[in-house]
Amino acid sequence: MRLKRVFALLLTGAIMVQSGAALAAESQTPTAAQTVTVRTSSTSGNKATVYQFLRKAGFNNAAVCGIMANIQCESSFNPGDKVLDTNNLYSYGICQWNGSRFTRLKQCRPTDYHTLNGQLNYLVYELERYYPRVYNYLRSVPNTAEGAYQAGHYWCYYFEIPANRAAVSVYRGNLAKNTYWPQYKSNGMVDIADEDSPAKISLSTCKVQLSTSTYTYSGKNKNPKVTVKDSAGKKVPAGNYTVSYPTGRKSVGVHTVMVTAKGDKYTGSQTAQFTIRPNATSIRKLLPSARAFRIQWSKKTMQTSGYHVQYALDQNFATGRSNKIIKSANTTSVKISGLQRKTTYYVRVRTFKFVDGERCFSAWSAAKPVVTK
């Protein structure tokens, strides 16, 4: 979502400095100058696509008007809209996804995150999975002008969260009510929710299973087979969905597979994840000494950042367990000191790689005993 672009907007004249009193009351309707960028539509052809998609996703006209009012203000319906935000990260797409949310968009829709269709499918998935409060509220607003206001206001306040969000939420609520509702309240799709055809089933209620959830690094792309089961545990035929695999799925880390509904029976998206672990290492030698021992292991440098040595007083590593982290893949031994004399310790080691600031570990080596002197 677009963050606080106050500096950039001041430069362009999109925001004028207002008194604190002018922004204090949420009930007061702000002027356009008090809002974060309010765009005029330069991609008007996308409006119809957005409207039809959201109606088919189960939102009534009022809810759709609220969402569209916010999308206009965020991106003018342009899926390629890209702006460097005040956190020095890019906000992107129709809803101006930023930071980790932009990363998640690209991970979930690796092949079409830059398209309108890809972003709309992700938007519904994000609502169902990460913003159920917003999703349920929008699904329950009355299909009236006031419902359009409520949808626009709530979406802005709890989903977009712009600068001056109290005043901006009022503006966008009024935009939904006064501009979009008159245009779309009698649209030809107004009766979609009342048709006799059965409602679509959301893939968010289904479970996505992968043939393999954990791999060991091999330098090759991993493509686990996908099975989707509905809430009753019945297999969903593959013709009802498409599967998108992420790029870079040969590297160590966690990878997300995206399943997107197609056809007339299902709607929305669902994901499943698999992990590629670094190659394991093995213990070469354990050399005891007075109240200490030295461990040597096999060197692993491919997709490896370092090693994790663990030792304990029992084979299950439940008693007296301690750890030693080695932060270099080139280091192949370490001395463990300050131990009890003439005591048996059980030792094991594994590799790890830093991925997005966190360690992804290999399987453990076989544990071996050593007796201190």
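## Terms and model

Two strands count as paired if DSSP finds at least two bridges between them. Helices (H or I, at least four residues) and strands (E, at least two) are DSSP runs, numbered from the N terminus. This is a predicted model, in which local features need pLDDT of at least 70, side-chain atom pairs count only at pLDDT 80 or more, and totals for chains, interfaces and linings use all residues. Residues are numbered from 1 along each chain as its sequence is written, and side-chain values use heavy atoms, with hydrogens and water left out.

## Hairpins

Strand S12 (residues 283–289) pairs with strand S13 (residues 292–297). The sense is antiparallel, over 6 bridges. Ser289 has Ala292 in S13 as its bridge partner. S12 and S13 form a hairpin with 2 residues between them. In that turn, Arg291 has a positive phi of about 55 degrees.

Strand S17 (residues 344–355) and S18 also run antiparallel, joined by 4 bridges. Here Val355 has Glu358 in S18 as its bridge partner. S17 and S18 form a hairpin too, with 2 residues between them. Asp356 sits in the turn, with a positive phi of about 55 degrees.

## Sheets

An open sheet of 4 strands has the order S6-S11-S9-S8. Its pairing is mixed. The edge strands are S6 (214–216) and S8 (241–244), and each pairs on one side only. From one strand to the next, the twist averages 25 degrees. Within this sheet, S9 (residues 253–261) and S11 (residues 269–277) pair in the antiparallel sense over 8 bridges. Val254 has Thr275 in S11 as its bridge partner.

Another open sheet has 3 strands, in the order S1-S2-S3, with antiparallel pairing. S1 (82–84) and S3 (97–98) are the edge strands, and each pairs on one side only. S2 (residues 90–92) is joined to S3 by 2 bridges. Ser91 stands opposite Asn98 in S3.

## Helix packing

Helix H6 (residues 116–130) lies across S9 and S11. H6 runs at about 85 degrees to S11. Axes are lines fitted to C-alpha atoms, for helices over the stretch in contact, and angles run from 0 to 180 degrees between N-to-C directions. Contact means heavy atoms within 4.5 Å. The axes of H5 and H6 come within 11 Å and cross at roughly 115 degrees. Arg101, Arg104, Leu105 and Cys108 in H5 meet Tyr122, Tyr125, Glu126 and Tyr130 in H6. By class, this contact has 5 nonpolar, no polar and 3 charged residues. Ala, Val, Leu, Ile, Met, Phe, Trp, Tyr, Cys and Pro count as nonpolar, Asp, Glu, Lys and Arg as charged, and the others, Gly among them, as polar.

Helix H8 (residues 145–160) crosses helix H9 (residues 165–184) at roughly 145 degrees. Their axes come within 7 Å. The residues in contact include Gly152 and Tyr157 of H8, and Gly173 and Trp181 of H9. The contact of H8 with H9 divides into 10 nonpolar, 5 polar and 5 charged residues.

## The largest pocket

The largest pocket has a volume of about 640 Å³. On a 1 Å grid over the protein atoms alone, a pocket is an open set of points where a 1.4 Å probe fits, with protein on both sides within 12 Å along at least five of seven lines. Lining residues have an atom within 4 Å of a point. Grid points are joined across faces, edges and corners, and a volume is the space filled by probe spheres set on the points.

The lining of the largest pocket has 24 residues. Gln107, Val254, His255, Val355 and Asp356 are the closest to the pocket centre. H5 (100–108), H6, S9, S11 and S18 (358–361) each supply at least two lining residues. H5 gives the most, with 5 residues. By class, the lining has 9 nonpolar, 9 polar and 6 charged residues.

Some of these names have come up before. Val254 is the residue with Thr275 as its bridge partner in S11. Asp356 is in the turn between S17 and S18.
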